[in-house]
There are 2 protein chains.
Amino acid sequence: MKRILIILALTLSLTAFSQVKHPNLILTQEGVKVLRDGLGKYPLLDKTFDAAKAEVEANLAAGIEVPVPVDAGGGYTHEKHKSNYSAMNKAGVLWQVLNDTRYAEFVKEMLLAYAKLYPTLGIHPEGKNSSAPGKLFWQSLNDAVWLVNAIQAYDAVFDYISASDRQIIENNLFRLAVKFNIVDCNKVFNMIHNHGAWNVAGVIMTGYVLNDNEMIEQGLKGGNKDGKSGFFELISKLYSPDGYYVEGPYYLRYAYWPFGLTATVIDNNQPAQRIFAFKDSTLLKAPLTLLQMTDSKGQFLPFNDAIREKAWTSQEVISAVDIAYSRTNNPDLLYVAEQQDCIMLSKEGVAVAKAIAEQKASTNFRRHSMLLRDGSDGKQGATGFLRYGDGKDQLSLIMKYGVYGMEHGHFDKLSMMLYDQSKLIISDYGAVRFLNIVQKRGGRYLPENKTWGKQTVAHNTVVVDETAQYKAESKIADDKHAEAYFFDISNPAQQVMSAYDSTAYPNVKMQRTMAMLANETWEKPVIIDLFRLVSPAKHTYDLPLYYNGSLIETSVKYASHQTWEALGKKYGYQHLFNTADGKAESDQLLFTWYNDERFYSVNATATPETEVFFVQLGANDPEMSLRPEKGFIIRNTNVDTFTFASIIEPHGEYNEPFEYVNNSYSKFDTLTLLLSDNQASILKFKEKNGNEWLFAIANNNTDPKAIHTHTIGNQQFKWTGVYLFEKYEASKYVIPAKKSGTKK
Amino acid sequence: MKRILIILALTLSLTAFSQVKHPNLILTQEGVKVLRDGLGKYPLLDKTFDAAKAEVEANLAAGIEVPVPVDAGGGYTHEKHKSNYSAMNKAGVLWQVLNDTRYAEFVKEMLLAYAKLYPTLGIHPEGKNSSAPGKLFWQSLNDAVWLVNAIQAYDAVFDYISASDRQIIENNLFRLAVKFNIVDCNKVFNMIHNHGAWNVAGVIMTGYVLNDNEMIEQGLKGGNKDGKSGFFELISKLYSPDGYYVEGPYYLRYAYWPFGLTATVIDNNQPAQRIFAFKDSTLLKAPLTLLQMTDSKGQFLPFNDAIREKAWTSQEVISAVDIAYSRTNNPDLLYVAEQQDCIMLSKEGVAVAKAIAEQKASTNFRRHSMLLRDGSDGKQGATGFLRYGDGKDQLSLIMKYGVYGMEHGHFDKLSMMLYDQSKLIISDYGAVRFLNIVQKRGGRYLPENKTWGKQTVAHNTVVVDETAQYKAESKIADDKHAEAYFFDISNPAQQVMSAYDSTAYPNVKMQRTMAMLANETWEKPVIIDLFRLVSPAKHTYDLPLYYNGSLIETSVKYASHQTWEALGKKYGYQHLFNTADGKAESDQLLFTWYNDERFYSVNATATPETEVFFVQLGANDPEMSLRPEKGFIIRNTNVDTFTFASIIEPHGEYNEPFEYVNNSYSKFDTLTLLLSDNQASILKFKEKNGNEWLFAIANNNTDPKAIHTHTIGNQQFKWTGVYLFEKYEASKYVIPAKKSGTKK
């Protein structure tokens, strides 16, 4: 209710806004002045400006071509219309800054050419491959992006164009494009989805330029102006209060683009609305949240659908960084801008270029431990990040226990991945897609994205009965979420997170507790992983772990297979070759692999009957699309309530220049799970040097003052607060003798 | 004969040399002065010196420990004896430069401890795993390296130690160690092999310090002083006149170490001998040759046994760079030294540190096309390098057609590999070994090195009848070599190399011609590959090609296999899974893969019956040691004389930041092999844009003035010199009408 009032108030105030000065979208009159003043002073501005100029000059030289749309993504007309909107937008900036009429003419002529073509267009001939076809492009998403760019170009040259030409351009192009957006694409326009954000952005921007309040209102409040969709509702629904985006880091990268630009436009036109403060400053938090969700090379963490290579140097992140910097002055953002080596051509970008020229940039972007709450209310689970060390030698553990993630979500509740330095050590596959490579199904998502990428077994989380979570049905998963239970990063040497899920599998309750623990006798921190499953019925529980590197040691007496066959028939198992398997034949498992400079070991508890499958991806892959990644699956069958307990441990050094290796063996000897029930889990673990340790966590009480007492055999374990990590010394756990007789 | 005279002369002159001043091995009295003068002035010297000091101080603090040898490589006593010799050597330098008696005491005490231990030692308990066991270490190689370091330490503190202690150290340690080297290890000592070089180095250096001419003579002329082994003969036999080392780049890296050090010692003691000028200055050429055989990250090309990760930053390359720089002043070497970030603590190293401080370093190490002749006489084939472009965007093609390469050679005559930028695009597996990782068979070569790494099918060269070259028997291969036929890099846009082999397979003559061709209408150069086989009998010819990246397109209508089985039973085929196969069903084959930023295509001629197998490495790998590399094998069966003709083509761009892709399709359409016989090969190839090209090479005549004329159908092709590359225009090849009648 409160929000509706705010929206109403904002809308009313916008209605009152009638005098339009051009340009006033991303580039403003003030921005033009700042750009002129900054040129020749700030190298990054000069570089960006020169690149824009070179791009536009090349387009001027080539002449204007506005072809009838024919091709899908990657094809000629697709790329031409993309380069046209880019050139137009930049030519508009050049005209404003340099007042060279060649640039204004170029924009005008191109817009007139589009105004001639546009009314003749039906749905794009390749639109059949899209659920939301466009006119200029095969998908309406690209049409919306075109509009966002074209309207900025028009805004920039508005005052240059004659009234009669303006009428042609507005009536035959922009109003039609807006109508296409709002009416023809009403499903997308009113959708709570990143595609909708582009449509909304284009309509709002066009509204400001054409001084059309109806457009602005529809953009802000949805096609029906009822507040059930539109810009505000998109922010409200798609982002959590921590600036986390429902589909995850890879799509936040893309999704923030129209959000950041549109908010900037609103702020430029109606600063009093404080749009960047809306919903706990979501749009100011999101860029930082986005950048935190990268590895040390700036690549976005590959959970959910994600192309692994995508990094913060992507063009779509430039505006996010500049918008955030100009409003926060966070020097870490300047470091990122230096990596991007490019800025927005606006006052935001100049602020960045100026600060970099003044040597205000940090020497790194500092990533830290954090909890990113999920869901529009922040109460639908979370993604937890535990980090240790800084700069280039940071250990990063990520556990995902939020919502499904809409169209681009994966069935991977309680999944984890681990980075060390810049390397993905325990990995998530990400999306199965060769973005923009036309030979691979036009660059779209491949069938294996559904049959492998999204499946539970593709992730480092437990699979029950060889079936995906939610039976891999988005409709079931869509409104479910895991539950954050405990998250504590107050002590860098003892960081603990724990979460529950009871929605992914019927009648199976899962809890995963992960702790990153350090102490001065260990060369590096280690990770405790307690994955607890509770069910009234018997199940098969598989815990897969995908490692990067070469397996160099395992305790499993495996038989390796001469012929490789798929491990199963569905839910992703059909893509995994069973390359070798064996049983634990003891109560301990060990796996050690080597990756570049270090070694990594997993020690795990087991029963003699615990099976281990060494798997490699690539089965049933008729188009040879899958990377041959490797993993092992720990399987316990015919169990109802069960806990996988393991320690993940980076260790040793492989020094190539000086040709030595040290500590290639795990330092741990045995793990003993003393207790794991609804009350608490208690793990004892022993090093080869004899040192013993105890980690315990209460499983149903987050009161930091609660005292937990558990008697196991002739020992009593007692701690205050949620968890305990201490050196194990048998004498500590002697059960106090009952008080005898009377006091003296 | 001439050489023997030189050796005699040198030996005589050494015998005359009797007054010993210490130190006078690598470090000399002059070197000490230069080090003292340079400290505080040249940052790289300071850094190296400080690191040495820190290492020695840590050893001083820990106290001297000289344990009874127990462990093999990677184990405690092994690493301890290694760290001991390193610390001793550096402590000697510190004593000389700083005159702090703590350092001299440390060396003295440690040498006395060794003098106490050494006489008690038999063969190392782990020596059973070595063909040449040591005493302090499991292999005598390490003992020899120990001696090289320990004798330098002794030389440095010689004047500090009392005569009685000297007697103990010399009699109970160094003379025994030399005796062990020369007498007990006489096989290694007199072996023409890199291991022998270390033994020889230790003996020569000890000879100089102990002023023992017998030792020096044995080091220089072999244990029997007959010149059939020893330092001179090692240089003569192991290096080609181009400074190429018989075992290839990876072992040259290691082998040069004792050669460079020993030559420096000889030069310091007997400069008049001009040891660096010996045999066409082999020892001055070798460091440059070594560095040329790296990729753009400085990693050594992985042909023959090679660990791919090894780079020029390895400690063993530091002295090579410094020795070469101090004698050539080549500024590219300074660039490498900057990457190494470390120098020798000697006058050579100071020269490098000084030049870097004076900003004389190049901004890159420039790699160029070159022919490296193989064999001690340079007449046993070669390795050819064709390179185009410079700096980070260089295309590098390597073809190997020299000798087998001794113990570490591979059966891969006429094999090739291709780099683009820093990436291995068409790859050679290198060695199957996890160096120093004890869990992997003590870090030694794995069985798969023999069954896969060395086999012909592991390389990008033709396999005849699914059998390795020389039936994979080193004894047969050892004295065979391929024949360099033609090599021309005079025109960077038309670089051509061609070689023959008729030793690898009985009654099969092979010729491979590779050309790197550029022209202004192509975005990048392309590579022509003509692999011609001539035999009187019918054979199966397999041409494998191992690509790095993701296959995105092929013309082959393949069936992919649900179950993966090995392609064969032996000669490496047992390690290749047949993942999919099919027939050409036409006269053309196309394969396109994507790697990071670019696309690569192979267009090849075929017959409809040509089979293609898509393979992945990993079959019959019980210890999971093999990387899952991918390739395709083009098979032609039941043919006697046959030519594989193909074009390898880098193309296009995958731009991740700006999310676009261009030219992901090959630009070539059809290849037509017009002729391929003992006289000439003529290939016509056509682009999709209609442009046609002609490449021709004479196969039996390298006369640059020879005129070649070949009539094929109604066309006549004519060229002067070995090869022809030109635009194909049908009108050019009209057969001249016969002169009719009489002249007018």
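Biologist: In which loop of chain B does Gln359(B) lie?
Modeller: Gln359(B) has a positive phi of about 60° although it is not a glycine. With helices (H or I, at least four residues) and strands (E, at least two) taken as DSSP runs numbered from the N terminus, its place is the loop between H16 and strand E1 (370–373) of chain B.

Biologist: What kind of model is this?
Modeller: Residues are numbered from 1 along each chain as its sequence is written, while chains are lettered from A and ligands numbered from 1 in the order in which they are written. Local features need pLDDT of at least 70, side-chain atom pairs count only at pLDDT 80 or more, and totals for chains, interfaces and linings use all residues, since this is a predicted model.

Biologist: Which strand supplies the largest share of the side of chain B that touches chain A?
Modeller: With contact defined as C-beta atoms, placed from the backbone, lying within 7 Å, 39 residues of chain B and 39 residues of chain A take part. Strands E12 (550–554), E13 (559–566), E15 (588–595), E17 (611–617) and E21 (660–662) of chain B each supply at least two residues of that side of chain B. The largest share, five residues, comes from E13(B).

Biologist: Which residue of chain B comes closest to the rotation axis?
Modeller: After least-squares superposition on the C-alpha atoms of residues with pLDDT of at least 70 in both copies, chain B can be laid on chain A with an RMSD of 0.0 Å by a turn of 180° and a shift of 0.0 Å along the axis. The two copies are therefore related as by a two-fold rotation axis. The same surface serves both, as 100% of the contact residues of chain B recur in chain A. At 2.5 Å, taken at C-alpha, the residue of chain B that comes closest to this axis is Trp564(B).

Biologist: How many of the 23 residues of H4(A) are buried?
Modeller: The end C-alpha atoms of helix H4 (residues 76–98) of chain A are 31 Å apart, which agrees with the 33 Å that its 23 residues should span at 1.5 Å a residue. H4(A) is largely enclosed by the rest of the structure, because its buried residues number 18.

Biologist: By what distance are the C-alpha atoms of Ile528(B) and Val602(B) separated?
Modeller: Ile528(B), in strand E10 (residues 526–534) of chain B, is buried, with 23 other C-beta atoms within 10 Å. Leaving aside neighbours within four places in sequence, its contacts include Met514(B), Ile647(B) and Phe695(B). Val602(B) is 74 residues apart from Ile528(B) along the chain, yet the separation of their C-alpha atoms is 9.8 Å.

Technical notes. Two residues are in contact if their C-beta atoms, placed from the backbone, lie within 7 Å. The expected span of a helix is 1.5 Å times one less than its number of residues. A residue is buried if 20 or more other C-beta atoms lie within 10 Å of its own, exposed if 12 or fewer, and partly exposed in between; C-beta atoms are placed from the backbone.
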